[in-house]
Amino acid sequence: MTTRISLELIPRTRSGLRAELEEVKQTFPGVDTINVPDLARFSTRSWEGCAFARPHFRAIPHIRAIDLNPKEPLPMANPLAAHGIEEVLIVTGDAPSDMNRRVYNVDAEQAIRRFARELPHVKVYAGIDPYRQSLARERDYMERKLEAGAVGFFTQPFFDLRLMDAYADLVPDGAEVWWGVTNVTTEGSMTYWATRNAAVYPRHFDLSLEWNRRLAAEALQFARDRRQHMYFQPIRTKVVDYLGGIL
């Protein structure tokens with residue numbers, strides 16, 4: 001399997017997203033995919049952001065299961081077809097801080113089954129979170145998602161290749177994996193990942209851009225060695241500063 005490389009871009013504004021896409025197109029010919037999260041605080045939905053990435057990039061929108069009304073058609077079905085988007089990442093999603101936003105009692109497994117039933121031509125990825133529970137429970141959760149119809153996984157960002165290696169041994173045979181890393185270069189960002197996502201940092205971790213670039217390069221080689229995929233999540237750092245010379 002050829003290693004694909006994706007950038008995760010945040011759709012803060014449509015003009016900003018278009019500018020980032022153009023920069024990636026001009027600067028990083030090795031990037032063939034864009035993945036876009038679905039964030040309640042922004043007006044652009046993930047599949048709308050992915051539409052901007054087409055047709056130059058393959059595009060993978062994040063779909064939040066709790067946003068899917070079981071009694072109504074999938075709101076992204078037509079836009080996905082219209083823009084030739086054939087892959088999605090399904091996550092359960094966090095409850096919104098704004099209680100005026102309607103959510104539903106739908107989890108990732110249920111949403112994966114619905115996509116497999118209603119949009120069988122769409123390839124579905126699920127999530128791997130190395131921080132939320134034990135390795136054994138996360139392995140069992142992976143297997144249930146595959147049984148529901150997922151073909152592979154996107155991981156939460158890792159900060160330690162040793163932990164990546166441990167999870168590589170847990171992934172069921174035949175499943176595709178998108179390994180993820182992000183740049184953490186401020187105390188605030190480090191605290192966010194530790195408190196919000198219970199992220200684990202190695203003892204030798206530091207906030208320098210050089211350290212984060214080295215991790216990015218090593219993680220990419222890790223994915224290539226295993227013939228799996230890689231995505232990068234640049235946060236508050238110019239993509240070219242973070243990944244220039246690596247991709």
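Start at the second largest pocket, whose lining divides into 5 nonpolar, 1 polar and 6 charged residues. Here Ala, Val, Leu, Ile, Met, Phe, Trp, Tyr, Cys and Pro count as nonpolar, Asp, Glu, Lys and Arg as charged, and the others, Gly among them, as polar. A pocket is an open set of points on a 1 Å grid over the protein atoms alone, where a 1.4 Å probe fits, with protein on both sides within 12 Å along at least five of seven lines; lining residues have an atom within 4 Å of a point.

This is a predicted model: local features need pLDDT of at least 70, side-chain atom pairs count only at pLDDT 80 or more, and totals for chains, interfaces and linings use all residues. Residues are numbered from 1 along each chain as its sequence is written, and side-chain values use heavy atoms, with hydrogens and water left out.

**Stop 1: the second largest pocket.** Select Glu-8, Leu-9, Ile-10, Arg-12, Glu-20 and Glu-23, then Pro-234, Ile-235, Arg-236, Thr-237, Lys-238 and Val-239; these residues line it. Its volume is about 160 Å³, the space filled by probe spheres set on grid points joined across faces, edges and corners.

**Stop 2: the largest pocket.** The volume here is about 1600 Å³. Select Leu-39, Asp-94, Tyr-192, Arg-196 and Asn-197: of the 45 lining residues, these are the closest to the centre. Now color H7 (187-196). This helix gives the largest share of the lining, 5 residues. Other elements that supply at least two residues each include strands S3 (58-64) and S4 (87-91) and helix H5 (135-148). The lining divides into 17 nonpolar, 15 polar and 13 charged residues.

**Stop 3: Ser-46.** Go to helix H2, residues 46-53, where Ser-46 is found. Ser-46 is buried, at 0% relative accessible area (buried means under 20%, with a 1.4 Å probe and protein chains only). Show its contacts, meaning heavy atoms within 4.5 Å. Leaving out residues up to four places away in sequence, Ser-46 touches Val-36, Pro-37, Asp-38, Pro-61, His-62 and Ile-63.

**Stop 4: zoom out.** Switch to cartoon: the protein has 9 helices and 8 strands. These are DSSP runs numbered from the N terminus, helices being H or I of at least four residues and strands E of at least two. The C-alpha atoms fill a box of roughly 50 × 45 × 40 Å along the principal axes. Of the 247 residues, 51% count as buried. Among contacts between residues at least 6 apart in sequence, 76% join residues at least 24 apart.

Terms used
Buried < 20%, exposed > 50% of the residue type's maximum accessible area, 1.4 Å probe, protein only.
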